[in-house]
Amino acid sequence: MASATATANPEPGPAAPRRPGRSSARRGVWPLGSRLGRLIIVLNLLGLAILVGGALILNEFRQGLIETRLESLELEGEVIAKVIDEYATVGEPAPALQADSAISVVNVLSIPSSQRARLFDSSGRLLADSFVVADRVEERPLPPAVKPGGKLAPGGPPAARIVKAHEALALEVEQALRGKVIRNVRVAEDGRRVVSVSIPIRHVRASLGVLTLQASDVEQIVAAQRRALLPFIFIAIGVTLVSSLLLTQLIAEPVLRLARAADRVRLQHVRAIALPDLAGRDDELGDLTRSLEDMTKAISDRMQAIERFAADVAHELRNPLTSIRSAIETLDVVKTAESRGRLLKILEQDVGRMDRLITDISNASRLDAELSRESPSPLDLAGLVEHICGFYEATRKLGEVRVRLIEPRGSEPLRVLGREEPLSQVIRNLIDNGRSFSPPGGEVRVNLQRARGQAVATIDDDGPGMPPENLETVFERFYTSRPKGAAFGGNSGLGLAIARQIIEAHGGRIWAENRMGGGTVAGARFRFSLPLA
């Protein structure tokens, strides 16, 4: 007999209610249609967005700082150049720059320690330098010591860097002597980046010299801002860690629990998985849990059906075996040839009954595998029914029950999505059932109709019909109900059960009813419907 169903439930809790109307598969395109997909993307991008946002803020601040510093230097330089033009230039007989007066102006004006002012004449010669005037000492770290025969550190010697800085400054002065204010960001002699403004000193229309102002405090301000970026970095790292832990709790841990539950099903021979808290989740893991629960429940139901089938088979086979054993035991006792002949007749019937049972049981047990192995395809059901009815009529002997197709196939096929051999077996089983109940000379009528997107087949016979309470019982395995006088053991009781199994596997429905005529039962009627392809 079937054993009780065990359940693999790693954690106690009430069973999660099934949610009707919700598909087990997520709708939409991943990741937009996926809750977990959106969660993973948001959590992973959040920390990165914080870091990138901080970098963009710093970069924007740096660019704005450089522009502001250049404007400030240009405004300050224009004031100094205006003073030099007013007090240190002459226009008669020709425009000229009075070097001593210009140097005095540079010496008198207060230049901040973070800035450096230099004055050049029209030939690019240095006249004044605020660092020299203020007796400032330029400090820079010494380069690392180099062993004899060793290579210099990357970046070259300080002398080369100084030469490049002087060349960049000379180019800037040369461009300013053409009468334009030059803004520039360049590398100074000490290797630091500076912002520089070169303003021509003009009198009348002649460029008499160039005043260059440079500031080196931008890098210090930017460095401070980079240090201000550290909180953003730490926050991004923290968010990433938290999101990783959250994803572990939301995804990795439930998947591990599902794996453990599946292992329990495999190792402890339990029948089903039950994880109520996961099944109640409205995401992909909830769908997976519900699908696993449904799958293991279907497997459990199938195993119970197999156990019941095995018990029914054992019961059905025991009857003829018992009869055969009794006949064999009695065979040695009987004395007359007539009694011995009756016993041999009983043995012959029981052996035939066992043969039919074993054949039908074998067909029924192979049915599931055959249905899963063969893929359904569009099939002309009207043509199939016409072919089967024609075969019965062509092979009918005199006095046998006739099989007639009420409406032969028309020009338009009646297509369903199915498998030809199993559907042929359904039609043959129903026709054979009707023939077995119809009297000699009777008729089995087959009719096909199209109704509401379904193909409906009707098989009528001229038999005695069925008791109303048995209209559903006739589809159970090994159920037989024959009229008086019918040969015992002539049917296994599996034909209608196999027909229902095949029709339901094709997404259809089969049922039985009595055909009425004149207020009385005129025969039995079997119908099945299949969705049109």
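This report walks through some features of the protein shown above, from its overall make-up to a few single residues.

The model is predicted, so local features are described only at pLDDT of at least 70 and side-chain atom pairs only at pLDDT 80 or more, while totals for chains, interfaces and linings use all residues. Residues are numbered from 1 along each chain as its sequence is written, and side-chain values use heavy atoms, leaving out hydrogens and water.

## The whole protein

The protein has 11 helices and 16 strands; these are DSSP runs numbered from the N terminus, with helices (H or I) of at least four residues and strands (E) of at least two. Of its 533 residues, 37% are buried. Here buried means under 20% relative accessible area, exposed means over 50%, and partly exposed lies in between, using a 1.4 Å probe and protein chains only. Contacts are counted when heavy atoms come within 4.5 Å. Among contacts with a separation of 6 or more, 66% join residues 24 or more positions apart.

## Helices

Let us begin with a pair. Helix H5 (residues 218-267) and helix H7 (residues 284-331) pack with their axes 11 Å apart, at an angle of about 10°. Axes are lines fitted to C-alpha atoms, for helices over the stretch in contact, and angles run from 0 to 180 degrees between N-to-C directions. On the H5 side, Leu250, Ile251, Pro254, Val255 and Leu258 meet Leu285, Leu288, Thr289 and Leu292 of H7. By class, this contact has 8 nonpolar residues, 1 polar residue and no charged ones. Ala, Val, Leu, Ile, Met, Phe, Trp, Tyr, Cys and Pro count as nonpolar, Asp, Glu, Lys and Arg as charged, and the others, Gly among them, as polar.

Helix H10 (residues 420-437) has 18 residues. From its first C-alpha to its last, H10 reaches 26 Å, close to the 26 Å expected at 1.5 Å a residue; the expected span is 1.5 Å times one less than the number of residues. Its buried residues include Pro422, Leu423, Val426, Ile427, Leu430 and Phe437.

| Residue | Relative accessibility | Side-chain polar contact |
|---|---|---|
| Aspartate 460 | 10%, buried | Arginine 525, 2.7 Å |
| Threonine 458 | 8%, buried | Arginine 527, 3.3 Å |

Beyond four places in sequence, aspartate 460 touches Glu443, Val444, Arg445, Arg515, Ala524 and Arg525. Counted that way, threonine 458 touches Arg445, Val446, Asn447, Arg525, Phe526 and Arg527.

Arginine 452 sits in the loop between strand E13 (443-451) and E14. With 86% relative accessibility, arginine 452 counts as exposed. Most residues other than glycine have a negative phi. Arginine 452, although not a glycine, has a positive phi of about 55°.

## Arginine 402

Arginine 402 lies in strand E11 (residues 402-405) and is partly exposed, at 35% relative accessible area. Leaving aside neighbours within four places in sequence, arginine 402 is in contact with Glu393, Arg396, Gly442, Glu443 and Val444. Its C-alpha atom is separated by 9.5 Å from that of cysteine 389, 13 residues apart along the chain.

Key
A polar contact is a pair of N or O atoms within 3.5 Å; within protein, one must be able to donate a hydrogen and the other to accept it, and residues adjacent in sequence count only if both atoms are side-chain atoms.
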